[in-house]
Structures are given as structure tokens and as C-alpha cells.
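Here is a short report for a reader meeting this complex for the first time. Please look over the sequence and the model before reading on.

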Amino acid sequence: MSLEKFYYDNKFPKLFAIACIFWGTVGMLLGVIIAFQLAFPILNFSEYFPHLAFGRLRPVHTNAVIFAFVGNGIFTGIYYALPRLLKTPMWSKKLGAIHFWGWQFIIVCAAVSLLMGFTTGKEYAELEWPIDIMITLIWVVFGFNMFATILTRRERHLYVAIWFFIASWVTVAMLHIVNSIEFPVSMMKSYSWYAGVQDALVQWWYGHNAVAFFLTTPYLGLMYYFLPKAADRPVYSYRLSILHFWSLIFLYIWAGPHHLLYTALPDWAQSLGTAFSIMLILPSWGGMLNGLFTLRGAWDKVREEPVLKFFVVAVTCYGMSTFEGPMLALKNVNAISHYSDWTVAHVHIGALGWNGFLTFGMMYWLIPKLFNTTLYSKKLASTHFWIGTLGILLYAVPMYWSSFRSYFMMKAFTPEGQLQYQFIDIVQTIIPFYVMRAIGGTIFLTGVILMIYNLIKTAKSGSFVREEEAEAAPLVKEYQAPSGSMWHSVIERKPILLLVLSLVVVGIGGLVELIPTFLVKENIPTISSVKPYTPLELQGRDIYIREGCYNCHSQMIRPFRYEVARYGEYSKAGEFVYDHPFQWGSKRTGPDLARIGGKYGDAWHFNHMLEPSSMSPGSIMPSYPSLFANLIEKGSTNSKIHAMRKMGVPYPEGYEANANSDLEAQAKTIADNLSANNKITISSDKEIIALIGYLQRVGKDIKLEPKK
Amino acid sequence: MTQNNIKKITLSCITIVAPIFIFGQQVTTQAAVTQANGIDLNSVLLFVAAFLLIPLYITGNTFIFAAKKYATDTKKESSTLKKTGTLILLFFCYQALQAQLPATNATPSDTDWTAWIITIVIVLESLLIVIFSSQSLKFISRSSVDDSQPSVAKNSWLQNFWNKINSFKPIAEESDIDTGHSYDGIRELDNITPPWFATGFALTIIFAAIYLYRYHVSKSAPLQSEEYKIEMAQAEQDKAKYMATQTNNVDENTVTMLSTSEIEKGKKTFTEKCIACHAANGGSMPGGVGPNLTDSYWIHGGGIKDIFKSIKYGWVEKGMISWKDQLSSTQIAQLASFIRSINGSNPANAKEPQGELYSEVITATDTTVKDTTKLKK
């Protein structure tokens with residue numbers, strides 16, 4: 001058998017690594033900014049830039065960290081590890097370039113469009129439809145390049161890291177496409193195809209598994225390559241890899257509904273979410289065990305080598321969050337954690353600890369390799385390690401504390417049966433924790449800056465190795481598996497089979513949960529008094545979505561005494577049937593708004609949006625002066641009504657033509673009311689009028705239902 | 001050596017039994033405190049506290065072992081260290097148990113307090129774990145420096161235990177289980193999955209099955225709407241029980257003007273809750289959200305009973321929210337009295353009059369107000 005000579009390309013790992021670190025820094029900086037905004041609302045600068053208010057900036061932060069930082073981190077690892085594991089270069093440099101530049105272009109488009117207020121209003125899937133399509137195309141380019149590489153390999157069997165890459169690729173594709181089905185209204189505006197409960201289920205099936213198949217499984221793949229490489233130890237257990245890979249991808253997909261416990265989601269779906277989350281503990285831990293046990297016999301190295309230190313903490317944080325996650329999926333724990341800072345702490349243990357530290361470890365290992373040199377300063381890297389760990393602790397501990405405190409205050413009743421604290425009292429109590437958290441984040445970011453300095457120095461001390469020569473024998477067509485080889489090795493030889501099996505395995509959970517929710521009518525009992533929004537309210541709702549109100553306000557009252565006393569009757573599934581998209585939210589930095597309609601007068605909302613602390617002293621909500629200057633976008637009313645009707649919202653045929661006159665009439669009533677009762681002069685075509693119209697409608701219909 | 005073993009066994013027993021004690025207590029406590037409440041933070045916290053005892057026990061043992069090893073390596077008398085370690089551990093267990101005691105006598109009102117104590121215990125536990133592990137590391141690293149030739153044969157009890165539960169194969173025999181795979185130089189071993197891993201996985205599957213069975217097949221566990229009904233019924237019952245012990249419960253039919261000291265309390269509530277819409281002096285402002293409360297014109301009546309009613313039920317369509325879930329009837333009475341007391345104060349920059357002229361003037365000391373509640377649509 002003659003050996004073939006070929007070259008590993010290092011250009012794309014380098015480019016992706018640079019992009020990863022750059023966007024990571026930007027994303028974390030945004031995180032620090034919004035953390036300070038929560039403590040000091042003046043930092044929203046809403047007088048000058050409506051684009052920089054918390055509600056718009058927070059999605060930029062989450063998207064940047066997930067898709068730009070971690071995304072580019074995944075690609076860095078794959079473009080470096082995949083060719084070496086398969087003994088072949090990446091299949092096409094051209095596709096590599098399209099993939100790289102396309103992905104960066106998407107990130108820029110995403111950031112700009114989100115700041116401008118173009119959003120679908122669905123968390124971690126906020127990007128509007130043209131960008132969704134771009135993502136799909138680039139994802140296909142990446143997948144094609146990856147599969148072509150796999151199919152032209154010189155290594156018969158696929159290593160466990162590659163199983164994770166394949167499963168991640170196919171699942172992310174499925175999640176992204178299904179969750180992004182939306183009805184375009186204009187170039188940069190669309191409505192989710194699903195409504196209310198169904199939209200919520202699809203969204204969290206997506207949201208949870210974006211964590212699973214974007215933040216977790218690809219990074220497990222990276223761990224399986226870089227950890228044994230850096231430790232120079234064999235992977236602990238091959239059969240554990242098989243067991244935890246298949247059980248992990250099968251079980252993970254079911255767990256989405258645990259984001260919707262105690263909501264209007266049908267009970268059976270909630271219970272599935274809880275049950276499968278608990279079963280997920282050990283499969284998740286399989287990855288941690290295989291990582292940590294691989295270090296058996298190398299622990300003396302861990303003490304010396306910053307790369308391994310980062311890996312150890314990353315894997316430990318992974319173990320911690322994957323234990324905490326299932327605990328949070330238990331109903332009674334979730335009652336405390338949901339809508340609170342606990343969830344925020346939980347995801348940041350994962351994001352800062354697992355994704356952050358694994359990326360840092362990978363970079364400290366990879367950059368010296370790419371530049372054929374050694375790390376500029378191990379000491380500085382160790383400092384980064386300690387600073388980073390401190391940052392994570394300072395971030396997480398105040399958030400846990402804040403969650404517990406607010407929970408106790410939230411549910412405190414006087415013996416006479418009144419709520420003991422107002423929402424604003426709770427906000428005031430937890431502001432100090434927000435400050436501490438922001439400091440923790442700043443410290444973590446400082447560590448990243450140390451890393452950048454260290455890596456630049458490293459790169460300068462070496463010279464970039466554009467290509468690495470290697471040689472290997474091609475695969476022969478006929479292959480006789482040695483007798484007694486494991487059954488699983490068959491799958492490892494057949495990448496397409498692996499792809500199809502992965503898709504089947506991840507498909508099952510989704511189908512079982514989604515199909516009945518869509519088809520069985522009993523899951524969402526009809527409430528006859530719930531009617532579609534008026535054109536003005538619909539426009540107001542779009543303003544609500546644009547400003548990202550859902551980042552701080554939920555619209556889902558859970559059936560607890562303290563929530564019903566504070567916000568009103570708990571939410572019912574039938575109330576949301578015309579909500580494209582749903583706006584249940586996942587965090588209550590401000591109070592729930594599901595029954596805000598009619599709670600206060602129009603003038604209250606008017607003054608509150610102009611200066612929240614005037615109506616609610618001590619409020620940390622940004623002010624929204626721009627709403628008092630902007631005009632309602634009447635030109636879009638027609639197409640919005642049309643899109644809604646196409647998706648089954650029962651507006652009468654031809655209503656599009658009359659919609660704007662109804663809109664104007666309702667707007668005039670509100671403006672007249674303000675001027676008559678409160679001597680407030682405002683022209684009725686301003687956005688604030690539409691927003692007031694919407695807010696005064698939310699959650700009101702159910703009260704009109706005839707008593708049985 | 002036997003003496004040492006006895007000590008170890010006693011220690012293990014204490015640590016293992018401790019959580020059982022705690023849980024035993026908790027079951028009864030919980031039943032008394034929050035029968036219906038479903039969400040019981042204390043049990044969660046206690047679970048965490050009890051769970052932490054396990055790593056604490058492990059790290060504590062490691063600490064003792066490490067200290068012992070350090071002591072033998074440095075040829076010092078080990079018993080002091082051993083004793084100290086054991087004492088710390090025992091002291092801690094005792095503390096943990098002590099801390100649980102208040103839970104036994106807990107009443108609904110001090111559950112929060114209990115939770116704080118357990119939280120502190122958790123923090124202490126975590127702190128001890130950190131201290132133990134860092135100390136052990138220190139001892140181990142120091143002793144390994146002294147060890148010119150580390151002895152292979154002598155494994156600690158803990159190491160043996162750790163190796164056993166994970167079914168570790170000694171690193172020296174690694175080649176027996178090498179799969180022969182080599183991916184870019186990465187070899188793979190074929191260690192068996194740790195037995196506890198497989199058992200744990202099986203247990204979670206059983207848990208999931210029982211969970212689904214209880215909620216959806218046998219229906220022996222309450223689903224959320226049922227849970228809500230139970231919670232509300234319990235709250236009603238508690239409230240009724242409390243109210244029965246209280247005399248003079250005021251409502252809109254019995255409220256009267258209160259004394260000056262009560263009015264002061266009303267003023268405090270007013271400052272906390274009302275000034276956003278009615279301004280600090282009660283006069284609102286031109287274009288303000290709420291009406292002027294200091295003039296003689298009233299939209300919904302200006303008598304003490306009218307005001308009480310307006311605060312309690314609100315006039316939602318006009319923007320006045322109902323305060324009955326946030327203020328007690330006593331507080332509403334104080335507030336209504338305060339509002340009556342500022343009538344005629346004529347503050348600067350007040351809102352223009354709204355509603356009908358209401359001519360009655362009442363002073364703070366006048367407690368014999370005639371019924372002025374008018375019927376409202």
C-alpha cells in the first residue's frame with residue numbers, strides 16, 4: 001500500500017480562532033454593559049439612543065455569545081481536528097471561505113438588525129427571516145464541506161468527536177428550520193407560524209436544544225479531541241462514549257418543556273419534560289467522567305499545565321450544570337427558579353465555565369501549535385485561569401442569592417392574607433446583587449483580555465504554519481472487519497448511516513411532543529371570548545416585540561397563590577391562540593404583564609413609558625422617549641392583517657382595507673381620553689398610543705367570558 | 001489499627017445516619033408546615049444540605065488521611081491531627097443537626113427563617129469542603145515532595161473505595177484494555193462504565209417511570225390546577241383562623257375616622273404607595289394621573305367610607321387600582337383617615353377640581369361621622 005502525501009490547512013482554524021476570540025470579547029463586553037444597565041438604568045441612554053436599551057442589547061449579547069463566540073469556537077475546533085482525525089484535508093477551501101465569511105457576515109447582519117429593532121421576539125431565535133435563510137444556507141455549506149471531508153477520509157472508523165459533530169449538525173439544522181417557520185410581512189418583519197402554546201412549545205424545544213446541540217454536543221466533540229491531546233492520555237472508556245453519546249442525543253431533545261413548567265402548556269408535556277430531564281443526568285455525566293477519568297495518571301500535569309486546568313474546570317462546570325439543570329426541571333425547584341436569576345446563574349455556569357473555559361483551554365493549546373512555538377507565558381495563563389474562576393463565582397453566587405431572596409419576598413403574605421411586598425420592593429432589594437454580578441462579569445472579561453495579550457505575544461514569537469504535511473494510505477474498497485469487533489464499529493464505518501440514525505434518534509422526542517400539541521384540540525381548550533387584536537393593538541404588540549419587552553416581562557401567570565394575588569387570574573392556554581409569536585418570556589426583571597390590561601389608566605402608562613420612576617419610584621426600567629416621537633407605521637397594517645388572516649386569525653375577508661380606519665378611530669379615543677381626563681396633549685398617530693392600546697388589551701378578554 | 005477502624009466505622013455511621021435524621025424530622029415538619037404548598041423550599045435546601053454531607057465526608061476523610069500521611073512522612077505524631085480532624089467533622093455533624101432543630105418547631109411564619117439557617121449551613125458545608133480539599137492537597141503535595149520513593153502497595157482506604165466504586169483498572173494494566181484505536185494519536189481504552197453510573201442511570205429511569213405513572217396513570221399526585229386549589233383552600237383556612245383571633249375588623253361599612261397616631265401610619269403608607277399618582281401632598285398636579293385629594297370635589301365620594309371603598313376595590317376603568325390584595329383593612333382605614341385629614345390643606349400646584357362638591361369637613365379627632373356612603377352605579 002503506497003502512502004499518499006497531503007497537507008492540512010491551518011488558515012481556517014486560525015481565522016475561526018480569531019473570529020471566536022473577537023466576537024467572544026464583544027459578546028462578553030455587551031454582557032457586562034447590560035449587567036450594569038440593570039443596576040443603573042441611566043446607562044440605557046434612552047434619551048439619545050433607543051437602540052441601546054436593555055431590551056434590544058440583551059438579544060445581541062445572547063446571540064453574540066452563542067452563535068458568534070461558541071459558533072466560531074466550534075468551527076475552529078472542527079476545521080483543526082476533523083482533517084487530522086480523518087487523515088485528509090478539509091474537502092474544499094472555497095467552501096471553507098464561503099463558510100467563514102458567510103458566518104461572519106451573518107453575525108454582523110444579526111447585530112445591526114437586532115439593534116435596529118428587527119426581531120421575531122423568540123429568544124435565541126430573534127433573527128428575522130432573511131437572516132434565518134442565510135444561516136440555513138451557510139449551515140448547509142458547512143455540512144457539505146464536513147461530509148465531503150468525511151467521505152474522502154483515509155481513516156476507516158470515525159472517532160467519537162466526529163459522532164458528536166455529525167449529530168450536532170443535523171439536529172441544529174432540524175431545530176433551526178422548524179422553529180424559524182414564519183410568515184414574512186415585509187423585508188425585515190415576520191410573524192411566527194405557530195401561535196401561543198404551540199409557539200411556546202416549539203420555541204423551547206428549540207431553545208433547550210440549542211443549548212444541547214450548539215453549546216453542549218459540539219463542545220463535547222472538541223473535548224474528546226483536545227483533552228486527550230493536551231493530556232497525552234488515552235480516552236478512558238470507548239464503551240462509555242457509545243453509551244453516553246446515544247443516550248444523550250436521544251434524551252436531550254425531550255427535555256424542552258421543562259422551560260414551561262406551571263405554564264399553560266398541557267400537563268402531560270410538562271411531565272415528559274421533567275421525567276426526561278432527570279434521565280439526562282447520567283448520560284450528561286458520561287461526558288464529564290470520560291473527560292476527567294482520561295486525566296487519570298496525568299493529574300501531576302494538571303497542576304503544571306494551564307491548558308489542562310482550564311479543561312478540568314470546564315468539564316467540572318459541565319458536570320455541575322448538567323446536574324443542576326435536571327434539578328431545576330423538578331416542579332418544586334422550578335417554581336422557585338423560573339423567571340428568577342437562578343436560571344441566569346445556571347446558564348452562566350455553563351456558558352462561562354463550560355464553553356468559556358473549554359474555548360480558552362483550546363486556544364492556549366492550539367495557537368502555539370498553529371504558530372509552531374510555545375505559549376508566551378504560562379504564568380499569565382494561570383493568572384487568567386484564577387481570574388476567570390473568580391469571575392464565575394462572583395457572577396453566580398449573587399445570582400443564586402438574589403433568586404432565593406426574591407422568592408421569599410415574592411411569596412410572603414401577611415397573616416391577613418395580603419402580599420407583604422410590592423414588586424418594586426423586591427427590585428430594590430436585588431439591585432446590589434446585580435452590581436456584584438456585573439463586577440464578576442467584568443473580572444471574567446479582564447481574564448479574556450489577558451488571554452488576548454498572551455496569544456498575540458505567542459503568535460508574534462512564532463511563525464504561522466500555513467500547511468502541515470502528512471501522509472497516509474488511502475482506504476481500500478474491500479474491508480473485512482476483524483472477528484469479535486464491536487457491533488458499533490459498523491456504524492463508525494458508515495457516516496451516512498450515523499447521520500440518519502442520529503436524525504431518527506433526535507426526531508422521536510420532538511415528534512412525540514409536538515404532534516399531539518398541534519393536532520389534539522383538548523390540549524388548548526377554546527375560550528369563546530378571546531378575540532383577535534384590533535389593528536392598533538397589533539401595531540402596539542409589534543412595538544412591544546421590537547423593544548424586547550419580553551426580555552424582562554413575562555406574560556404567563558402561574559397557578560400559585562402569590563402570583564394570582566400579585567398579577568391576577570392565572571393564564572389559560574386558550575388565551576394565546578392569536579399570539580404570533582407568543583410572548584410568555586422567561587425572566588421577570590419587571591412584573592408579569594399577562595393581566596396588565598385595565599389595571600392602570602392610560603395616563604399611568606403614558607407617564608410610565610416617558611419616565612418609569614415617576615409612576616413607580618425606584619424602577620430600573622429604561623424610559624422610552626422615542627415612542628412619543630415615532631409615528632405608527634400605518635403602511636404595514638394591511639400586510640400585517642393579511643399575514644395574520646393567512647395563518648388562521650379570523651379577521652373578516654377584506655378587512656385589510658378597513659383596518660387603518662379602525663386603527664385611527666381607536667387611537668383617537670385613547671388620545672381624547674388622555675386629553676380630557678389628564679390634560680395630556682398627544683397626537684393620536686404616535687407609537688405610544690398603539691402601545692397603550694395593546695397594553696390595555698392584554699389578558700382582558702377572558703374576563704368577558706360568560707360565567708358558567 | 002482496630003481502634004482506628006472502629007473510629008472510622010463510627011464516623012461513617014454518624015455521617016450516614018445524619019441525613020436520615022434530618023429527613024425524618026423533615027417529613028413531620030413538612031407535613032405540619034406546608035401540607036398543601038407543594039413548593040417547599042426547606043426540603044430542597046435540606047436535601048442540598050444532606051447531599052453535601054457526602055462530599056464533606058469524603059473530603060474530611062481525605063483530609064484526615066492526608067494529614068496522617070503527612071505526619072508519618074514527616075515522622076511526627078499523627079494522633080493530634082487525626083483527633084483534630086475527627087473532632088472538626090463530629091462538631092460539624094452536630095452543628096448540622098442542631099441547625100435542623102428549629103425546623104421541628106417551625107410554624108408557617110418562620111419557615112423563611114428556617115430556610116435562612118439551612119442556607120447558612122449549606123454555605124458552611126461548602127466552605128468546609130473547600131478547606132478540607134485544599135488542605136488535603138497541601139498535605140499530599142508536601143508529602144509527595146518528601147517521598148523519594150512512593151510506595152505503590154499501600155493504598156488508602158479511601159483510594160481503595162474510589163477505585164472500587166469506579167471499577168478502575170490499575171494504570172499499569174492499561175494495555176490489556178487498549179482498543180488499539182489511534183485517531184491522530186489519540187488512543188482509546190475500553191474501561192467498563194463505572195457500576196454506579198449504570199445503577200444511577202437505571203434509577204433515574206425508574207424515577208421517570210414512577211413520576212409519569214403517579215401524575216398521569218394512577219393520578220395520585222396533584223396536577224397544577226389541583227395543586228392551586230389546595231393551596232388557595234389552605235390560604236383561606238389560615239386567613240379565617242387568623243381573622244377569628246382578631247377583633248374589630250373594619251370594612252367599608254364600619255370604618256370610622258381614626259386617631260392622630262393612626263393617621264401618621266396612614267401617611268407612611270401614602271408616601272410608599274400613592275404619591276406616584278396623587279403627589280406627595282395629595283394634591284396631584286395639573287395633568288396628573290390621579291385626582292386632587294385635598295380639595296372639596298370628589299369623583300367617588302369624599303366620606304371616610306367612600307374613600308375606604310375606593311382604595312379597597314379601586315376604580316379600575318379610571319386608573320385607580322384595587323389595593324385589597326396589597327393592603328390590610330387596617331392599613332386601608334389608616335390611609336382613608338389620612339386622606340380625610342389632608343382635606344382642605346390646599347397645597348401649591350394642585351390639580352384642578354374634578355367630580356362633585358362634597359361639603360362635609362371633618363377633623364382628625366371627630367370620630368362621629370354620619371354615614372355618607374352614596375350608592376354608586
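Leaving aside residues up to four places away in sequence, A:A314 touches A:G353, A:W354, A:F357, A:L358 and A:G361. Two residues are in contact when their C-beta atoms, placed from the backbone, lie within 7 Å.

The model is predicted: local features need pLDDT of at least 70, side-chain atom pairs count only at pLDDT 80 or more, and totals for chains, interfaces and linings use all residues. Residues are numbered from 1 along each chain as its sequence is written, while chains are lettered from A and ligands numbered from 1 in the order in which they are written.

## Nonpolar cores

A:A314 also belongs to the largest nonpolar core, which has 239 residues. A:A314, A:A161, A:F311, A:M363 and A:L691 touch the most other members. Helix α6 (residues 196-231) of chain A gives this core the most, 23 residues. A second, separate core has 18 residues, including B:L258, B:F270, B:F308 and B:L327.

A nonpolar core is a set of buried Ala, Val, Leu, Ile, Met, Phe, Trp, Tyr and Cys residues joined through C-beta atoms within 7 Å. A residue is buried if 20 or more other C-beta atoms lie within 10 Å of its own, exposed if 12 or fewer, and partly exposed in between, with C-beta atoms placed from the backbone. In soluble globular proteins, nonpolar side chains tend to be buried together.

## Domains and a hairpin in chain A

Chain A is divided into domain 1 (295-476) and domain 2 (535-704). These bounds come from an automatic or database domain assignment. The domain centres, taken over C-alpha atoms, are 37 Å apart. Eleven residues of domain 1 of chain A are in contact with twelve of domain 2 of chain A. On the domain 1 side, helix α15 (residues 423-461) of chain A gives the largest share, five residues.

Strands β2 (residues 182-186) and β3 (residues 189-192) of chain A run antiparallel, joined by four bridges. Strands pair if DSSP finds at least two bridges between them. β2(A) and β3(A) form a hairpin with two residues between them. A:S186 stands opposite A:K189 in β3(A).

Chain B has eleven helices and four strands. Helices (H or I, at least four residues) and strands (E, at least two) are DSSP runs, numbered from the N terminus. Of its 377 residues, 29% count as buried.

How many residues of chain B are in contact with chain A? There are 53, and they meet 59 residues of chain A. The largest share of the chain B side, eleven residues, comes from α6(B). That side divides into 28 nonpolar, 14 polar and eleven charged residues. Here Ala, Val, Leu, Ile, Met, Phe, Trp, Tyr, Cys and Pro count as nonpolar, Asp, Glu, Lys and Arg as charged, and the others, Gly among them, as polar.

## Confidence

The predictor gives the complex an ipTM of 0.92 and a pTM of 0.82. pLDDT is the predictor's confidence in each residue, from 0 to 100. Chain B averages 72, and 64% of its residues score at least 70.

Among the elements of chain B, β2(B) has the highest mean pLDDT (94) and helix α1 (residues 2-33) the lowest (47). Residues 19-39 of chain B stay under 50. Residues 143-153 of chain B are also below 50. Where pLDDT is low, the predicted coordinates should not be read in detail.
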